[in-house]
Amino acid sequence: MISITDSMLFRLDILNKESARISYQTSTGKVLENGSDDSILYSRQLFVSDKIRMYDGLKTQIEKTNSQNTVGDATITDIKSAVDSIKQEVLKASSSTSADDATRKAVAKNISGIKDRLFDLVNASAEGEYLFSGSDSTKPPFTKNATTGAIEYEGNGT
């Protein structure tokens with residue numbers, strides 16, 4: 001009689017553990033509670049999880065690069081229009097009809113403003129990184145000397 005009772009309790013314990021495992025799987029949506037439950041399935045799960053993380057990282061990099069390219073394209077367009085404006089100002093100053101000092105001073109002031117705008121454009125950043133600085137995108141690519149006003153490139157071609 002005791003062996004039958006022990007045997008029934010042992011089998012009920014196994015059924016309780018199986019019921020708890022199935023309850024866990026149902027409530028969490030996870031097939032495995034521990035990696036030792038099914039080693040082949042667990043290794044597949046790890047492989048798929050790794051691939052998902054890798055592709056999520058690639059997606060993030062693509063989105064970041066796309067954002068930087070969009071900002072870079074817009075910046076280059078603005079730089080081109082600024083250079084075109086400088087050309088127009090130079091032509092205005094060199095024409096014989098408007099060669100007086102007041103006009104030349106106004107042209108010089110306009111060109112100085114465009115120069116400051118160009119300085120801001122070449123130091124453009126997107127996603128927290130400077131676009132034209134090369135491999136070290138954490139610092140601005142161009143700096144202006146406070147005393148001389150000279151602009152120097154601090155980045156690199158990499």
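**A walk through the predicted model**

Tyrosine 153 counts as partly exposed, with a relative accessibility of 40%; here buried means under 20% relative accessible area, exposed over 50% and partly exposed in between, with a 1.4 Å probe and protein chains only. The structure is a predicted model, in which local features need pLDDT of at least 70 and side-chain atom pairs count only at pLDDT 80 or more, while totals for chains, interfaces and linings use all residues. Residues are numbered from 1 along each chain as its sequence is written, and side-chain values use heavy atoms, with hydrogens and water left out.

The structure holds 1 aromatic pair, formed by phenylalanine 142 and tyrosine 153, with 5.0 Å from centre to centre and 55 degrees between the planes, a tilted arrangement. Rings of Phe, Tyr and Trp (its six-membered ring) are paired if their centres lie within 6.5 Å; planes under 30 degrees apart count as stacked, over 60 as edge-to-face and the rest as tilted. Because phenylalanine 142 lies in strand E3 (residues 142–144) and tyrosine 153 in strand E4 (residues 151–153), the pair ties together parts that are 11 residues apart in sequence. Phenylalanine 142 is partly exposed, its relative accessible area being 23%.

The wider layout can now be set out. The protein chain contains 3 helices and 4 strands, in the order α-α-α-β-β-β-β along the sequence. Helices (H or I, at least four residues) and strands (E, at least two) are DSSP runs, numbered from the N terminus. Confidence is given by pLDDT, the predictor's value for each residue from 0 to 100. The mean pLDDT of the protein chain is 84, and 89% of its residues reach 70 or more.

Of the chain's 158 residues, 14% count as buried. The accessible surface of the chain comes to about 11,800 Å², and 57% of it belongs to carbon and sulfur atoms; such areas come from the Shrake-Rupley method with a 1.4 Å probe, and for residues only the protein chains shown count as cover.

Which residues make up the largest nonpolar core? This core has 6 residues, namely Ile79, Ala82, Ile114, Leu118, Leu121 and Val122. A nonpolar core is a set of buried Ala, Val, Leu, Ile, Met, Phe, Trp, Tyr and Cys residues joined through side-chain atoms within 4.5 Å. Helix H2 (39–94) and helix H3 (101–122) are the elements that give two or more residues to this core, and H3 supplies the largest share, 4 residues. Leaving out residues up to four places away in sequence, leucine 121 touches Thr75, Asp78, Ile79 and Phe132, where contact means heavy atoms within 4.5 Å.

Helix H2 also holds glutamine 68, which is buried at a relative accessible area of 17%. Beyond its neighbours within four places in sequence, glutamine 68 is in contact with Ala126, Glu127, Glu129 and Leu131. Glutamate 127 is found in the loop between strand E1 (125–126) and strand E2 (129–130). Although not a glycine, glutamate 127 has a positive phi of about 55 degrees. With 48% relative accessibility, this glutamate 127 counts as partly exposed.

Two further relations link separate stretches of sequence. Lysine 144 lies over the face of phenylalanine 119, at 5.1 Å from the ring centre; a charge sits over a ring if NZ of Lys or CZ of Arg is within 6 Å of the ring centre and within 35 degrees of the ring normal. Glycine 157, in the segment after E4, is exposed at 86% relative accessibility. Glycine 157 and serine 133 are 24 residues apart in sequence and 7.9 Å apart in space, C-alpha to C-alpha.
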